[in-house]
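Dear colleague,

Please find the structure below for your records. My notes on its architecture follow directly after it.

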There are 4 protein chains.
Amino acid sequence: MLTSTVVELKGHIIDSRILLEVLDAIGEQGGNFVIEEFDAGRTGKDSSYARILINTASQEDLDMILSKIRPLGAAEIVYDEITVEPAPQDGVFPDNFYSSTNLDTFVRIRGSWIPVDAIEMDCGIVVDLSCTPPTACCVPIGSIKKGDNVIVGGKGIKIVPMEKSIQQEVFGFMGSTVSSERPTVLALANIAETMKDIRARKKKILAVVGPAVIHTGAGKHLSALIEAGYINVLFGGNAVATHDVEWALLGTSLGVCLETGIAAPRGHTHHIRAINTIRKYGSFEKAVEAGVLTRGVMYSCIKHGISYVLAGSIRDDGPMPGVITDSVEAQEAMRHNLKDVELVLMLSTMLHSIATGNLLPGRIKTVCVDINPATVTKLADRGSHQAVGIVSDVELFLKELAEHLVGSST
Amino acid sequence: MLTSTVVELKGHIIDSRILLEVLDAIGEQGGNFVIEEFDAGRTGKDSSYARILINTASQEDLDMILSKIRPLGAAEIVYDEITVEPAPQDGVFPDNFYSSTNLDTFVRIRGSWIPVDAIEMDCGIVVDLSCTPPTACCVPIGSIKKGDNVIVGGKGIKIVPMEKSIQQEVFGFMGSTVSSERPTVLALANIAETMKDIRARKKKILAVVGPAVIHTGAGKHLSALIEAGYINVLFGGNAVATHDVEWALLGTSLGVCLETGIAAPRGHTHHIRAINTIRKYGSFEKAVEAGVLTRGVMYSCIKHGISYVLAGSIRDDGPMPGVITDSVEAQEAMRHNLKDVELVLMLSTMLHSIATGNLLPGRIKTVCVDINPATVTKLADRGSHQAVGIVSDVELFLKELAEHLVGSST
Amino acid sequence: MLTSTVVELKGHIIDSRILLEVLDAIGEQGGNFVIEEFDAGRTGKDSSYARILINTASQEDLDMILSKIRPLGAAEIVYDEITVEPAPQDGVFPDNFYSSTNLDTFVRIRGSWIPVDAIEMDCGIVVDLSCTPPTACCVPIGSIKKGDNVIVGGKGIKIVPMEKSIQQEVFGFMGSTVSSERPTVLALANIAETMKDIRARKKKILAVVGPAVIHTGAGKHLSALIEAGYINVLFGGNAVATHDVEWALLGTSLGVCLETGIAAPRGHTHHIRAINTIRKYGSFEKAVEAGVLTRGVMYSCIKHGISYVLAGSIRDDGPMPGVITDSVEAQEAMRHNLKDVELVLMLSTMLHSIATGNLLPGRIKTVCVDINPATVTKLADRGSHQAVGIVSDVELFLKELAEHLVGSST
Amino acid sequence: MLTSTVVELKGHIIDSRILLEVLDAIGEQGGNFVIEEFDAGRTGKDSSYARILINTASQEDLDMILSKIRPLGAAEIVYDEITVEPAPQDGVFPDNFYSSTNLDTFVRIRGSWIPVDAIEMDCGIVVDLSCTPPTACCVPIGSIKKGDNVIVGGKGIKIVPMEKSIQQEVFGFMGSTVSSERPTVLALANIAETMKDIRARKKKILAVVGPAVIHTGAGKHLSALIEAGYINVLFGGNAVATHDVEWALLGTSLGVCLETGIAAPRGHTHHIRAINTIRKYGSFEKAVEAGVLTRGVMYSCIKHGISYVLAGSIRDDGPMPGVITDSVEAQEAMRHNLKDVELVLMLSTMLHSIATGNLLPGRIKTVCVDINPATVTKLADRGSHQAVGIVSDVELFLKELAEHLVGSST
């Protein structure tokens, strides 16, 4: 059975010929090596450093090599194991708990690297040592139960840096700089190709949607994408659902007629009327069944069986039935809808974009479209570095995207 | 008993001498009049229009006048009474309900104008006709009970336009234009005077606070204002409390040391450690009692008995104990803390500012300080027209304000 | 010959029957009247006021009427004539000069209202009294010659308020509010119709263009509009021309390949290479003739004989030949190209938009498209209130506009 | 005489012991070495690479070493010399010219590294080979004379990367991220210390000033800094000078009274009156002499003999006498005033900040204070990466800075 280990060498290993002897010893035993790191020092007085990965065909070969090179100063690197402490009470981590990042993470248990499930930033890692092999899972503070084995300190944890290439492979040139002075159409073509690919592989695309999508009249383009299978999960708030229904029932969004751009008489009351109507029917689904709600983004979601999570906020009127007013429950609902999501389109909402970004593994491709560069900047400031920002007009963006993917949606 | 009514006259009332005769009749009976509106027409062919308020010392005098002027074509204006319908179910208004504004409102019941209590935009108005005199109250949709008498249609409702002068008297030059190119110090001096006056009259000042106040190191200035009695109620979210405690316990905000501006090692975990600590103690209050929390805005609130409402959002980690995670409950808590508030300072938070703006009567003076002009613009777009916007640096703003009111706070 | 005058009446003109007698007198003489203003006072104690325009068939009739109504207190309104003073030296106005607005203006000379030519804000008005009738013209301070008759004080000047309806008739709903949350496509359809109409009437459309148009890859859409006759004059700076030529010669803008979005190796030197190439040929025109410059916005301008003004600024590299480096000369060149312009499209440039706005009569329709709301706000702050702001992505905006007007331009 | 060279070694230099022999040979001859680069390869099959700087006490020692190690495969690195071509005409670089960066640059001529004078981005480098040693100088395209020896291609050029540490030593924590959520006061304290140090060493501080400094009432703080010797050069445009004089003469800026914040009657004409007054006197200096201009930033500059450059733009009214309307001349004037400048404060002006940034060597400390993060972002996008951005309120910033350095300035 192939086996390997990593050794370190320090000191005047070049001029003392130690490095050569170590490498010779590996070769003689039929092993091969990778010099993972080498620092030759800069002058004759400096000490050198080498970290060498040794691969051999068997544990015996490896032991033989180690027996030869240990006297030369080669020291095998021993990885620390994690340390765990039980949670002192429900909803409380032990002191000195390890706080997770959103990058793929492995933890060292009994000599093996165990992957951490459900990775998410700012959580604890709970391990179950009773399984074979043991398991490790990211757990938000509110879900911790007294006695859970929570990793403390920083030992035995390996984080895989995000492969920039994955993001860049798809989103090529966009990089991390947020600028309104770039070609949006190029980015859009890339995103469209990614969406086709994800749909073809039956994975999921999540749209996180703010009310500006409705106010600008872009709801119909979003509906077209939903109906064509390009949006598979939708996150939003009370506002986007309210104005979408306002438009569906009364033709206005925030009181402005989307056919003419003119404010309707008493239009400022339309959104609360829309809320009242859906409350009267009891749910969006019942309003669809009753033939009252016959168009719009919510209608498209329901007709096409798209999962949606509407999370409440203190700005909300109403709220609409189905809006999850408890923020912790809403986060849980969002987490449960991330399975198989490979691309997130964040469309003109700072609150929901940041909230979703908090829950996403760093490896998920994320595109944030907003006319305000501050939204994208804030998203990155709060840890969602993977988000590619496109400073654009969400209406024209969705119109173009729908034309790319579905043909004209108007 | 003084009494009054309003009459209308239409037609060729000038050249036919009707207007003169009406005014004569009022004068002869010892009444006096106010011509509330007069439209002379523009040419000899046009009809004229006059609306005249008649005041008399007694109902008898008024009746006498009316008996004389009715034959001249003067028609008493009869105000419609409101129409009410019972709410069809809990949480649902009757169709065609009247949706409130945030301006002082009176409703016409049995010939009298009844003031509407607890005025707030986008609510229904519930009347209790069993009292003498009847009462009217603004009720949000979620608090409606089946059978409540809700006003429908638009009849019998009188809205008092906001007296611009009230806002302008205090905030003089600022007007509604949002600009970063105005003298902040002048606005600041005005606000400081208003705050002194409110404190002297034992009314209340509400601060709505975002986490940038903590990140920028301005928490100490806010604390100084709280301690000196200039802030009497505080609204915020989980983030402002978290970073405030992070600073109190660990000296950082979002991981950045506020003494040096340098990011602390592993500082990105500090906020979740702060949350864990307070969760361990069970509440901010207990952490203060335990001598663990000894400085910061939350500490100042607790030590000085200031009411605070921390409203949760889906962006939150944790959350901190005491954060109200249900958005509808949080709105109720905010409403209950608006009594006697005469000035609201909105400091660097779009979400909480808009949420508070939604609940405020239009007559309450509101100042929104944000480095981003979009925050103020959005606030106004969503109906809080009274908000005076100051585009400034919240740290320097609070530093100056504290120096004005308290002397140096550093 | 029809003639007219305006008289004022003050005092207790209703109950003293004076108003009626005046109106009777006019009617008796066969005249007719317009009550331009009427203030009835609000109570019996207040004085009333009427301003009445009297039209008669002849001066005799008018004189007769005036002779009857003067004893009733009717006073003919006599308009002040303007006062002029000679400019004390070249480039200096007399003290107390009248500073112009950008609204249509008339000045009172020898009893007549003379229109002011070339109206523009912040200029002086120079009158030529030697002509019959006299003439009046707006003159910028730098063009004043010693001895010019410049209007001083505020007498004898009549400004025609901008008819909001003209702007609104075309741009309907857009009003003055700047918001990114409005339907861009609706505005765009309106603008397209306006452009068709102007082209059909052989009037002109001016595009004021910033380099973001090139950086975003929207140059080809602008070229399509130029080639189809929808843009008749172009204003810009060195940067837009430089990056346009950079793209034409090297395929990049600011070093970024517009086909791939990827930064070209040594791409940051491309713009200065583009400048060097055109300098070598001596002008854009010669580079076109030589077959070196074969595409792009400048190419389209030259091939279609479109007038352009490139104004220099201190940010410029080079500059390109043809760029007018003197700002006063550049302003003159811009002024000379405003003739017959009925619509101005300001595309992603704050400097050139404000500069053009300064020179435009207020009646010219102006649309400012920028992703940054601050640009539109600044434009209005500096007096160009007529500008309709569209907060959008200039690339997608021009793409849509070109598709509306020309069909697909890609 | 100490001498040195650089050699390269390639191949299996570790296991073949070549590297050791080379290092031995150097040591034997009394030389010492720096391993500038070492790539050990990653596996036994890979070739290694070393680049070694050899220092010896004499050319003889070096020759001896080289004679020993050349047979081992050590190859001396020979630096290419630059290539030059004569400029083909005035104002035109030869094709393939080398375009400069703003970083310290050396060019290889006759075996030596010659420093490039007056380094500035986007220029050509002209060498004078007739001097001993030869000289090299950055020359903007417009100043090139036919026949100048301009470097072409990229050979023989060495750029010294900016030592981040220099910027960071002073501005510590600020880094390159632009954020409004950082403590301004900390940055301010750092800047104040830097200013004290520069003043003490009699070097210069340049302020680049936009009109918002005047509009916000911060002019008096800037004057205080000028008067105390903390600002030694001032760059701005017509607008800042105009509004400064408007304030000095009429108490308003853009028509708004800076004592009360209220718009003055006819205040929109004040700036053009201010311009007219200075034009009448002929210059700022003469207006000061005449006792007409007695306060303000321009007054402070003149009274304290501060150099200023006012650069014109096409937005300008007037302009003021002394404004350089030609942009190329203005750039030259700016260049001539950069001597001894060690710190640049860019205060609320995008145009002048970018223009100044274009002319600055990268090593000059640059702080950009603007309420709009886009200004700082644009500055960096255009190559001025060294600029530290502070998103703040320029009025409060200058007030605090003046209080730090001068004591209260109000």
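Helix α1 (residues 18-28) of chain B lies across β1, β2 and β3 (48-56) of that chain, and runs at about 165° to β1(B). Contact here requires C-beta atoms, placed from the backbone, to lie within 7 Å; axes are lines fitted to C-alpha atoms, for helices over the stretch in contact, with angles from 0 to 180 degrees between N-to-C directions. Helices (H or I, at least four residues) and strands (E, at least two) are DSSP runs numbered from the N terminus. Helix α2 (residues 59-69) of chain B lies across β1, β3 and β4 of chain B, at about 155° to β3(B).

This is a predicted model, in which local features need pLDDT of at least 70 and side-chain atom pairs count only at pLDDT 80 or more, while totals for chains, interfaces and linings use all residues. Residues are numbered from 1 along each chain as its sequence is written, and chains are lettered from A and ligands numbered from 1 in the order in which they are written.

The strands of chain B form an open, antiparallel sheet of four in the order β2-β3-β1-β4, where pairing requires at least two DSSP bridges. Because β2 (32-39) and β4 (75-76) of chain B each have a single partner strand, one side of each is left without a neighbour in the sheet. Strand β1 (residues 3-11) of chain B pairs with β4(B) over two bridges, and E8(B) has A75(B) as its bridge partner.

Chain A can be laid on chain C with an RMSD of 0.1 Å by a turn of 180° and a shift of 0.0 Å along the axis, superposed by least squares on C-alpha atoms of residues with pLDDT of at least 70 in both. That is the relation of a two-fold axis. In chain A, the C-alpha of D393(A) is nearest the axis, at 2.6 Å.

With kind regards

Conventions. Two residues are in contact if their C-beta atoms, placed from the backbone, lie within 7 Å.
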